[in-house]
Every structure is written in structure tokens, then in C-alpha cells.
Amino acid sequence: MTKAPDAWLHGQDGPIVIVSAHVAAYLKKTVPLDKLRLAARDMQDAEVYNVLNSLHRAALAYNPTGDEKGVDSIPTPSPTLTTRQAATQLHLSPRGVRDACEKGRLAGELVDGHWQISRASVQRYARKQ
């Protein structure tokens, strides 16, 4: 059973988020954590570096099946999103997403009557909002 979001928050002097090895492995696979970790080290931000280093170590230790896969057992996200997925991420209606695709503001391809929208395009669009 999945825990509620508040179950992961702890701390008395401000919120601290507890992250499972599974989440650390997912982040390592989908976000450039190693690049961020090394940048924090180079900027000499010890707290950020230590937290990212702990995430890195937890991700490397993640092995839910006991086989050799570890982090590789986390599925790689699809490079495309459905209209509904993009709408949820962008806080738009599905119609708004289709309009953005039709006007070229989102990179997408119409396949069998359904938009397949580039995940990278959605991320760029979200940064501009």
C-alpha cells in the first residue's frame, strides 16, 4: 500500500523528506542526479552534496528482486505523453494541449487520431509558464 504524501515528511526544525531506495533509484534513472551531485560538490554546498550523495548510494543499493538488475529494474519513462498526461503536468485541459500541439507550441505527432506529445517539449513548455 502506498503511503500518503504527509507520511514522508518529518522533522521539527523544518520539513525533512524521507526517500525510499526505490524512489532514489527512480530519480537516478530519470534525472541527472550525478551531474547535480557533482555540481553541488564543486559549488561547495555540503548539505546539498551530502543529500544527493545519499540518494546516489541508496539508488545503487536498490535491488528489489535480488538479481543483478538493481536500478535497471526501474522502467525508463516513455519519451512521449498522451494528451491527458501532458494536460495533467501542464495544468491545462486536454483541449488546451491539443490546441498547443496544433499551433506548434508543443511538439507532438498525431497517430491514429491521438496525439503523442514529446516529454521534453512538455518540460520546456512548463518552464515557460
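Which residues form a nonpolar patch on the surface? The legends below start there. The model is predicted.

**Figure 1. A nonpolar patch lies on the surface.** The patch is formed by Leu9, Val17, Val19 and Val23. Together these residues have about 290 Å² of accessible area. Look for valine 23 in helix α1, which covers residues 21–30. Valine 23 has 36% relative accessibility. Buried means under 20% and exposed means over 50%, so valine 23 counts as partly exposed.

**Figure 2. Lysine 28 sits in helix α1.** Is this lysine 28 buried or exposed? Its relative accessibility is 19%, so lysine 28 counts as buried. The cut-off for buried is under 20%. Which residues does lysine 28 touch, not counting those up to four places away in sequence? They are Leu33, Asp34, His56, Ala59 and Leu60.

**Figure 3. Valine 48 belongs to helix α3.** Helix α3 covers residues 46–61. Valine 48 counts as partly exposed because its relative accessibility is 37%. Now find leucine 36. Along the chain, valine 48 and leucine 36 are 12 residues apart. Their C-alpha atoms are separated by 9.1 Å.

**Figure 4. Glutamine 44 has a positive phi.** The value is near 60°, in a residue other than glycine. Where does glutamine 44 lie? The residue is in the loop between α2 (33–42) and α3 (46–61). Glutamine 44 has a relative accessible area of 72%, so this residue is exposed.

**Figure 5. Histidine 91 also has a positive phi.** Here phi is near 55°, and again the residue is other than glycine. Histidine 91 is found in the loop between α4 (83–90) and α5 (94–102). Is histidine 91 buried or exposed? With a relative accessible area of 71%, histidine 91 is exposed. The cut-off for exposed is over 50%.

**Figure 6. Three strands make an open sheet.** What is the order of the strands? The order is β3-β5-β4, and the pairing is antiparallel. The edge strands are β3 (80–81) and β4 (108–111). Each edge strand pairs on one side only. β5 covers residues 114–118. How many bridges join β4 and β5? These two strands pair over 4 bridges, in the antiparallel sense. Look at one residue pair: glutamate 109 has glutamine 116, in β5, as its bridge partner.

**Figure 7. Helix α6 packs on the sheet.** The helix covers residues 119–128. Which strands does helix α6 touch? The helix touches β3 and β5. The direction of helix α6 makes about 70° with that of β5.

**Figure 8. The whole protein chain puts the close-ups in context.** The chain has 6 helices and 5 strands. Read along the sequence, they follow the pattern β-β-α-α-α-β-α-α-β-β-α. How much of the chain is buried? Of the 129 residues, 22% are buried. The chain exposes about 9,400 Å². Carbon and sulfur atoms supply 54% of that area.

Conventions: Residues numbered from 1 in each chain as written. Predicted model: local features only at pLDDT ≥ 70, side-chain atom pairs only at ≥ 80, totals over all residues. Heavy atoms only, no water. Patch = residues over 30% accessible without salt bridge, like charges linked within 9 Å, V, L, I, M, F, W, Y side chains within 5 Å. Areas by Shrake-Rupley, 256 points an atom, 1.4 Å probe, with all protein chains shown as cover. Salt bridge = Lys/Arg side-chain N within 4 Å of Asp/Glu carboxyl O. Buried < 20%, exposed > 50% of the residue type's maximum accessible area, 1.4 Å probe, protein only. Pairing = 2+ DSSP bridges. Contact = heavy atoms within 4.5 Å. Axes fitted to C-alpha atoms, helices over the stretch in contact; angles between N-to-C directions.
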